[in-house]
Amino acid sequence: MENSTSILYTQEGGIATITLNRPSVFNSFNQEMIKALQHHLDVAAQDVSVRAVVLTGTGKAFCAGQDLGEVLEEKEIDFNKIVQENYNPLVLKIRNMDKPVVAAVNGVAAGAGANLALACDIVVAKESTNFIQAFSKIGLIPDCGGTYFLPRLIGLQKATALMMLADKVSAHQAKEIGMIYEFFADDIFDTEVAKIADKLANLPTKGLAYTKKLLNQTFNNSIEEQLIQEGLFQAKSGNTSDYQEGVDAFIEKRNPVFKGE
(Lines give C-alpha, C1' and ligand atoms only; values in the text may rest on other atoms or scores of the structure.)
Protein backbone atom coordinates (compact mmCIF):
# COMPACT_ATOMS: atom_id res chain seq x y z
CA MET A 1 0.00 0.00 0.00
CA GLU A 2 3.02 2.29 0.05
CA ASN A 3 2.48 3.17 -3.62
CA SER A 4 -1.24 3.87 -3.31
CA THR A 5 -2.32 7.24 -4.69
CA SER A 6 -5.56 7.21 -2.69
CA ILE A 7 -3.58 8.26 0.40
CA LEU A 8 -0.81 10.85 0.29
CA TYR A 9 1.85 10.89 3.00
CA THR A 10 4.29 13.72 3.57
CA GLN A 11 6.53 14.72 6.42
CA GLU A 12 7.98 18.10 7.21
CA GLY A 13 9.99 18.35 10.39
CA GLY A 14 8.14 16.49 13.11
CA ILE A 15 4.76 16.70 11.36
CA ALA A 16 3.35 13.89 9.23
CA THR A 17 0.41 14.82 7.00
CA ILE A 18 -1.86 12.01 5.81
CA THR A 19 -4.23 13.10 3.06
CA LEU A 20 -7.29 11.25 1.81
CA ASN A 21 -6.97 11.53 -1.95
CA ARG A 22 -10.01 10.37 -3.95
CA PRO A 23 -11.48 13.82 -4.63
CA SER A 24 -13.62 12.69 -7.57
CA VAL A 25 -15.76 10.69 -5.11
CA PHE A 26 -15.38 13.11 -2.19
CA ASN A 27 -12.66 10.94 -0.65
CA SER A 28 -15.07 8.11 0.07
CA PHE A 29 -13.47 4.91 1.30
CA ASN A 30 -12.86 1.87 -0.83
CA GLN A 31 -10.91 -1.18 0.29
CA GLU A 32 -7.61 -0.04 -1.18
CA MET A 33 -7.86 3.39 0.41
CA ILE A 34 -8.66 1.99 3.86
CA LYS A 35 -5.73 -0.41 3.78
CA ALA A 36 -3.44 2.39 2.61
CA LEU A 37 -4.64 4.62 5.45
CA GLN A 38 -4.07 1.84 7.97
CA HIS A 39 -0.54 1.43 6.60
CA HIS A 40 0.33 5.11 6.80
CA LEU A 41 -1.07 5.45 10.32
CA ASP A 42 1.29 2.63 11.29
CA VAL A 43 4.20 4.41 9.58
CA ALA A 44 3.49 7.63 11.50
CA ALA A 45 3.08 5.77 14.78
CA GLN A 46 6.38 3.92 14.43
CA ASP A 47 8.52 6.79 13.13
CA VAL A 48 10.14 8.41 16.17
CA SER A 49 10.85 11.56 14.16
CA VAL A 50 7.09 12.15 13.81
CA ARG A 51 5.72 14.05 16.78
CA ALA A 52 2.32 15.14 15.43
CA VAL A 53 0.01 13.87 12.70
CA VAL A 54 -2.45 15.80 10.55
CA LEU A 55 -5.28 13.91 8.83
CA THR A 56 -6.99 15.83 6.02
CA GLY A 57 -8.47 15.47 2.52
CA THR A 58 -8.06 16.84 -0.98
CA GLY A 59 -10.71 18.73 -2.90
CA LYS A 60 -14.10 19.82 -1.60
CA ALA A 61 -14.57 17.05 0.97
CA PHE A 62 -12.79 15.60 3.96
CA CYS A 63 -14.48 12.23 3.53
CA ALA A 64 -17.96 11.16 2.43
CA GLY A 65 -17.73 7.80 4.23
CA GLN A 66 -17.94 4.40 2.59
CA ASP A 67 -17.93 4.16 -1.20
CA LEU A 68 -21.29 2.45 -1.65
CA GLY A 69 -20.48 1.65 -5.28
CA GLU A 70 -17.78 -0.75 -4.14
CA VAL A 71 -20.00 -2.36 -1.50
CA LEU A 72 -22.88 -2.90 -3.90
CA GLU A 73 -20.62 -4.81 -6.27
CA GLU A 74 -20.54 -7.64 -3.73
CA LYS A 75 -23.12 -10.40 -4.15
CA GLU A 76 -23.36 -10.88 -0.40
CA ILE A 77 -22.39 -7.92 1.76
CA ASP A 78 -20.75 -8.83 5.08
CA PHE A 79 -21.20 -5.58 6.98
CA ASN A 80 -19.68 -6.95 10.16
CA LYS A 81 -16.50 -7.89 8.28
CA ILE A 82 -16.33 -4.43 6.70
CA VAL A 83 -16.55 -2.78 10.12
CA GLN A 84 -14.25 -5.19 11.96
CA GLU A 85 -11.50 -5.31 9.33
CA ASN A 86 -11.67 -1.82 7.88
CA TYR A 87 -13.05 0.84 10.21
CA ASN A 88 -12.35 -0.50 13.69
CA PRO A 89 -8.58 -0.74 13.05
CA LEU A 90 -8.53 2.88 11.85
CA VAL A 91 -10.12 4.13 15.06
CA LEU A 92 -7.87 2.03 17.29
CA LYS A 93 -4.71 3.06 15.44
CA ILE A 94 -5.60 6.72 15.99
CA ARG A 95 -6.53 6.30 19.65
CA ASN A 96 -3.53 4.09 20.48
CA MET A 97 -0.97 6.26 18.69
CA ASP A 98 1.48 7.78 21.18
CA LYS A 99 1.36 11.18 19.50
CA PRO A 100 -1.41 13.71 18.82
CA VAL A 101 -3.57 13.38 15.70
CA VAL A 102 -5.28 16.48 14.33
CA ALA A 103 -8.27 16.10 12.02
CA ALA A 104 -8.09 19.03 9.60
CA VAL A 105 -11.59 18.80 8.15
CA ASN A 106 -11.29 20.65 4.87
CA GLY A 107 -14.83 20.00 3.64
CA VAL A 108 -17.92 17.89 4.14
CA ALA A 109 -17.47 14.99 6.56
CA ALA A 110 -20.26 12.43 6.30
CA GLY A 111 -20.90 8.99 7.73
CA ALA A 112 -17.71 7.14 8.58
CA GLY A 113 -15.80 10.23 7.44
CA ALA A 114 -17.40 12.36 10.14
CA ASN A 115 -16.74 9.75 12.80
CA LEU A 116 -13.15 9.19 11.70
CA ALA A 117 -12.58 12.89 12.33
CA LEU A 118 -14.19 12.68 15.79
CA ALA A 119 -11.82 9.84 16.72
CA CYS A 120 -8.87 12.23 16.41
CA ASP A 121 -7.42 14.16 19.36
CA ILE A 122 -8.15 17.66 18.06
CA VAL A 123 -10.70 18.44 15.34
CA VAL A 124 -10.61 21.69 13.39
CA ALA A 125 -12.68 22.52 10.34
CA LYS A 126 -13.07 25.01 7.53
CA GLU A 127 -15.87 27.45 8.19
CA SER A 128 -17.73 26.10 5.14
CA THR A 129 -17.68 22.51 6.42
CA ASN A 130 -20.73 20.41 7.28
CA PHE A 131 -20.78 17.24 9.39
CA ILE A 132 -23.48 14.66 8.67
CA GLN A 133 -24.38 11.43 10.43
CA ALA A 134 -25.81 10.07 7.19
CA PHE A 135 -26.32 6.42 8.17
CA SER A 136 -30.04 6.52 8.91
CA LYS A 137 -30.74 7.70 5.36
CA ILE A 138 -29.88 4.22 4.08
CA GLY A 139 -31.00 2.18 7.08
CA LEU A 140 -27.59 1.63 8.68
CA ILE A 141 -26.17 2.49 12.10
CA PRO A 142 -23.29 4.89 12.83
CA ASP A 143 -19.94 3.10 12.82
CA CYS A 144 -16.28 4.09 12.88
CA GLY A 145 -16.67 4.82 16.59
CA GLY A 146 -19.52 7.28 16.14
CA THR A 147 -21.76 5.81 18.83
CA TYR A 148 -18.80 6.00 21.22
CA PHE A 149 -17.36 9.45 20.55
CA LEU A 150 -20.33 11.62 19.63
CA PRO A 151 -22.37 11.10 22.84
CA ARG A 152 -19.24 11.77 24.89
CA LEU A 153 -18.58 14.98 22.99
CA ILE A 154 -22.08 16.50 22.85
CA GLY A 155 -24.31 14.43 25.15
CA LEU A 156 -26.69 11.54 24.55
CA GLN A 157 -29.80 13.54 23.59
CA LYS A 158 -28.11 15.68 20.94
CA ALA A 159 -26.12 12.74 19.56
CA THR A 160 -29.28 10.63 19.29
CA ALA A 161 -31.10 13.33 17.36
CA LEU A 162 -28.23 13.94 14.95
CA MET A 163 -27.82 10.24 14.28
CA MET A 164 -31.52 9.52 13.79
CA LEU A 165 -32.46 12.68 11.87
CA ALA A 166 -29.20 12.94 9.90
CA ASP A 167 -29.19 16.74 10.23
CA LYS A 168 -26.36 18.73 8.73
CA VAL A 169 -24.18 20.38 11.37
CA SER A 170 -22.27 23.46 10.26
CA ALA A 171 -18.78 24.21 11.54
CA HIS A 172 -20.27 27.04 13.64
CA GLN A 173 -22.79 24.66 15.22
CA ALA A 174 -20.18 21.93 15.68
CA LYS A 175 -17.97 24.25 17.72
CA GLU A 176 -20.92 25.60 19.69
CA ILE A 177 -22.05 22.15 20.84
CA GLY A 178 -18.53 20.89 21.53
CA MET A 179 -18.22 18.51 18.60
CA ILE A 180 -15.02 20.18 17.36
CA TYR A 181 -12.30 22.34 18.87
CA GLU A 182 -12.34 25.21 16.38
CA PHE A 183 -13.20 26.34 12.86
CA PHE A 184 -11.34 28.80 10.66
CA ALA A 185 -12.24 30.88 7.63
CA ASP A 186 -11.52 28.88 4.51
CA ASP A 187 -8.77 31.19 3.25
CA ILE A 188 -6.68 30.91 6.44
CA PHE A 189 -7.51 27.28 7.28
CA ASP A 190 -4.23 25.74 6.08
CA THR A 191 -2.18 28.36 7.92
CA GLU A 192 -4.04 27.82 11.19
CA VAL A 193 -3.78 24.03 10.92
CA ALA A 194 -0.02 24.38 10.39
CA LYS A 195 0.25 26.51 13.54
CA ILE A 196 -1.55 23.91 15.64
CA ALA A 197 0.48 21.02 14.23
CA ASP A 198 3.75 22.89 14.71
CA LYS A 199 2.89 23.69 18.31
CA LEU A 200 2.03 20.06 19.05
CA ALA A 201 5.21 18.82 17.35
CA ASN A 202 7.29 21.01 19.65
CA LEU A 203 5.62 20.03 22.92
CA PRO A 204 6.72 17.16 25.21
CA THR A 205 5.59 14.21 23.09
CA LYS A 206 5.64 11.62 25.87
CA GLY A 207 3.63 13.88 28.15
CA LEU A 208 1.04 14.32 25.41
CA ALA A 209 0.95 10.55 24.88
CA TYR A 210 0.36 9.93 28.59
CA THR A 211 -2.41 12.54 28.59
CA LYS A 212 -4.03 10.74 25.64
CA LYS A 213 -3.84 7.38 27.44
CA LEU A 214 -5.56 8.88 30.50
CA LEU A 215 -8.29 10.44 28.37
CA ASN A 216 -8.87 7.08 26.68
CA GLN A 217 -9.56 5.58 30.12
CA THR A 218 -11.49 8.36 31.78
CA PHE A 219 -15.08 7.37 30.93
CA ASN A 220 -14.52 3.79 32.05
CA ASN A 221 -12.82 4.51 35.37
CA SER A 222 -14.20 5.58 38.73
CA ILE A 223 -12.76 8.80 40.17
CA GLU A 224 -10.61 6.68 42.50
CA GLU A 225 -9.25 4.61 39.61
CA GLN A 226 -8.57 7.68 37.51
CA LEU A 227 -6.70 9.41 40.34
CA ILE A 228 -4.48 6.36 40.75
CA GLN A 229 -3.74 6.37 37.01
CA GLU A 230 -2.90 10.08 37.14
CA GLY A 231 -0.32 9.37 39.82
CA LEU A 232 1.26 6.56 37.82
CA PHE A 233 1.44 8.57 34.61
CA GLN A 234 2.68 11.66 36.44
CA ALA A 235 5.58 9.55 37.70
CA LYS A 236 6.33 8.46 34.13
CA SER A 237 6.18 12.06 32.94
CA GLY A 238 8.55 13.14 35.70
CA ASN A 239 11.14 10.67 34.44
CA THR A 240 11.31 12.14 30.92
CA SER A 241 14.06 14.35 29.57
CA ASP A 242 11.42 16.86 28.47
CA TYR A 243 10.27 17.33 32.06
CA GLN A 244 13.82 18.20 33.09
CA GLU A 245 14.13 20.56 30.13
CA GLY A 246 10.86 22.24 31.09
CA VAL A 247 12.04 22.78 34.66
CA ASP A 248 15.47 24.01 33.57
CA ALA A 249 13.91 26.45 31.09
CA PHE A 250 11.55 27.77 33.78
CA ILE A 251 14.42 28.37 36.21
CA GLU A 252 16.61 29.91 33.52
CA LYS A 253 13.74 32.07 32.23
CA ARG A 254 14.00 30.84 28.62
CA ASN A 255 11.78 28.99 26.18
CA PRO A 256 12.09 25.21 26.52
CA VAL A 257 13.35 23.08 23.64
CA PHE A 258 11.52 19.77 23.93
CA LYS A 259 12.81 16.72 22.04
CA GLY A 260 9.97 14.30 22.64
CA GLU A 261 12.12 12.19 24.96
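The buried residues of helix 1 pack against strand 1 (7–12), strand 2 (15–20), strand 3 (52–57), helix 3 (79–96) and helix 4 (112–118). Contact here means heavy atoms within 4.5 Å, and buried means under 20% relative accessible area, with exposed over 50% and partly exposed in between (1.4 Å probe, protein chains only). Helices (H or I, at least four residues) and strands (E, at least two) are DSSP runs, numbered from the N terminus.

A quick word on the source: this is a predicted model, where local features need pLDDT of at least 70 and side-chain atom pairs count only at pLDDT 80 or more, while totals for chains, interfaces and linings use all residues. Residues are numbered from 1 along each chain as its sequence is written, and side-chain values use heavy atoms, leaving out hydrogens and water.

Back to helix 1. Its buried residues are M33, I34, A36, L37, Q38, H40, L41 and A44. With 16 residues (31–46) at 1.5 Å a residue, helix 1 should span 22 Å, and its end C-alpha atoms are 23 Å apart, which agrees. The expected span is 1.5 Å times one less than the number of residues.

| Pair | Axes come within | Crossing angle | Handedness |
|---|---|---|---|
| Helix 1 and helix 3 | 10 Å | roughly 20° | left-handed |
| Helix 5 (residues 146–154) and helix 6 (residues 156–165) | 7 Å | roughly 130° | right-handed |

The axes are lines fitted to C-alpha atoms, for helices over the stretch in contact, and angles run from 0 to 180 degrees between N-to-C directions. A crossing is left-handed if the near helix is turned anticlockwise from the far one by less than a right angle, and right-handed if clockwise.

Helix 1 and helix 3 are therefore roughly parallel to each other. On the helix 1 side, the contact is made by Q31, I34, K35, L37, Q38, L41 and D42, and on the helix 3 side by E85, N86, Y87, P89, L90, K93 and I94.

Helix 5 and helix 6, by their angle, are oblique to each other. Angles under 35 degrees count as roughly parallel, over 145 as roughly antiparallel, 65 to 115 as roughly perpendicular and the rest as oblique. Here G146, T147, L150, P151 and I154 in helix 5 meet L156, K158, A159, L162 and M163 in helix 6.

Finally, D198 sits in helix 8 (residues 189–201). D198 is partly exposed, with a relative accessible area of 43%. D198 and R51 are 147 residues apart in sequence, yet 9.3 Å apart in space, C-alpha to C-alpha.
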